[in-house]
Amino acid sequence: MTDELDSVMGGVRMGVNVDIKRTDGRIHSAVVSGINVETKSVTVEWFERGETKGKEIELEQILGLNQDLAPTSYDNANVIPNKLQKNDNKNFGLTKSYVPRPSLPVANNKAAPAGGGTKRNPGRQSHVVTSNGHNKEQNVENQNGSGPHNNLGNSETLPPPKHVPTLPPEKSETVSKATGAAAAQGVNRRRSNVVKEVERLKENREKRRAQQAQILEEQEQLRNKDPGNPNWEFLQMILDYKDELEFNPLQDGDPTANHQITVCIRKRPMSQKETKKKEVDVVTVPTRDGITIHEPKSKVDLTKYLDNQHFRFDYAFDENANNELVYKYTARSLVQSIFEGGMATCFAYGQTGSGKTHTMGGEFHGKNQDSKNGIYAFATKDVFKLLKSPKYKNNNLLVSCSYFEIYSGKVFDLLSGKSKLRVLEDGKQQVVVVGLTETEVECVEDVLKLITHGNNLRTSGQTSANAHSSRSHAVFQIILRLNNNKKPLYGKFSLIDLAGNERGADTSSANRQTRMEGAEINKSLLALKECIRALGRKGAHLPFRASKLTQVLRDSFVGDKVRTCMIAMISPSLSSCEHTLNTLRYADRVKELGVKGPSRGGNNEAVMMDCEDDEVGGMEDEFLSHENSGLAQLRSLNDGECSVDWYNFQESVAHLQILEEDVVENHNNLLVTMEGWLQQDAALLTMTNDVDYDQDAYAQRLEEMITEKQEALEALREKTKAFRACLSEEEAQSKIRRN
């Protein structure tokens, strides 16, 4: 194999320094970095201007410039010969390997520079003398066509020798020793730099390969720990992150803070369904007031990494906290405030399936809910306990409860067969829910019965997060009244289980009812946030008219004795990461606005005073006329979150709700009027039983009654046509948004 390689490549080997010719005519040294015997080509590298360069050159060109490396059998007429073969025939014209050499004129020899070479590379053109007395410059002249036929008139031609022995390349001598030494030193120096660069690149390449092999081996070991888990890489990164943390979770006995606005977070444990699906827990609660979300992400090159986002609240409950601990640090202090004549509100906010009903109503054992250990039950126990305490037993207070839901902008009583209620506002701006059932209770068991009865009637539906999503806001109120004839309000504690916040994103659904639900939930949650914001900013405008939820809870946001607590529930699984982040951002915005938000001056106070001086009256239609103004204020307060499309959609939905209420109310009034018409018709027909009745009076009265009926029915028909046109317009706009 070595002999075969020598016969083809000659002295060309890896690491050997050779001369190459560039495309611009320059000739310089390079190092052989690769050899391809099949294609008879050579890859060379050199160091130029601070960087390593390389190219692939044909073997014939390399041997043409490096005769000392040519193989013994190498024969090419196009290559400049440096070894003369013996001419046995003594016939110079028949010898193929012999090229006649012209003699050089003396003048030309004298004109040659002493050092040789050109200005670009003075060390490259040294004169090598061979055994026949001719130098390489003469051979170059022969190759370029300036041979003996062109020089016969200018110089004498030396006859070729009869016998020219072939000398090995090492017998050549350099004429210009100084120039040759400098060139050799430069070649060795350049060769040394290039070789070092090649070795460095090779060493780095081997290190990278070793590191990659080690990483692959470690990944294989980690994958074997949890086989079948598609997110094992994220899981391992989260575990590594947790190993570096110091955990100090909230424990029973830690001090409680007394804030007007309290915002806390509760993380539920992983469910059995999520465990079977090998879901990854992306939520970490390291401290009593801090929480971290490990959001999985991928770079452009598909490298996986974690975006660790940190949030801070008043309290953070991990998956080990029970309902009693949550109640102690959230709603317990609010119960005390209603016995001082205050208004307290506790909200449960979050994605469906994150534990809102579990926290508010009680723990589930299978499909059965234990209502005795929810916040409803704990608050009721403390209410009756304080009612009998020596401090408050002489206040002569009565305890009553009400339970209603707000669905798609309408209020329904859950304690009276889900009857529809009207929300009115009087001249003193006191909001009243007309017809709401308020039941007096004597013990905790009475309250739990009311809660169970109301939960069975509550509206629910299916979403992407849960098969039984709460589509309505459920409001349970514990009311304290003075025990006298008028029974005035003394204090009130409202506990609200809000609709799943993922439902608010369903505004582009193909189903109109789903769009209406999503729009109302979205608007009510924004309005709720702004009302809590106004509570934290003294003197700020209260946009309570923006939604039905904030309207019925208006008295819970006004006054110095108002307390509010929000419990944001989050799911720990990777599939719920987006909803979890949305919940935390909402809660963080509420707390940030309530604590650190600057007070608003001038304009907002003027707006607030204008609203306070405005007497709305006792009709719901007059309240609905303020719907668009409240919506515009809500958009101005959330300029970065509410787009023009969102505002237009909410405006169309609000207009649709107004028309719907108008049509339903007119239809109901028509039915009442028709009962009177039936009595009038019966009396008119009775008159015809007389033998001598007044026929003219009968016909005139009948015509008047028919005209009255026609006018009433025509008015209802026009309202119904306008309602249908609004429905068609909303449907067309929704199709445009979906497309």
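The model is predicted, so local features need pLDDT of at least 70 and side-chain atom pairs count only at pLDDT 80 or more, whereas totals for chains, interfaces and linings use all residues. Residues are numbered from 1 along each chain as its sequence is written, and side-chain values use heavy atoms, leaving out hydrogens and water.

Let's begin with the overall fold. The protein chain has 21 helices and 24 strands, taken as DSSP runs numbered from the N terminus (helices are H or I with at least four residues, strands are E with at least two). Of its 739 residues, 42% are buried, that is, under 20% relative accessible area with a 1.4 Å probe and protein chains only, with exposed meaning over 50% and partly exposed in between. The chain exposes about 40300 Å², and carbon and sulfur atoms supply 49% of that area; accessible areas come from the Shrake-Rupley method with a 1.4 Å probe, and for residues only the protein chains shown count as cover. Take the contacts (heavy atoms within 4.5 Å) between residues at least 6 apart in sequence: 67% of them join residues at least 24 apart.

Now for the backbone. Most residues other than glycine have a negative phi. Lys-278, in the loop between helix H8 (272-276) and strand S8 (283-284), instead has a positive phi of about 60°. Its relative accessible area is 31%, so Lys-278 counts as partly exposed.

Further along, Lys-418 sits in the loop between strand S16 (410-413) and strand S17 (419-425). Phi of Lys-418 is positive too, near 60°. With a relative accessible area of 29%, Lys-418 is partly exposed.
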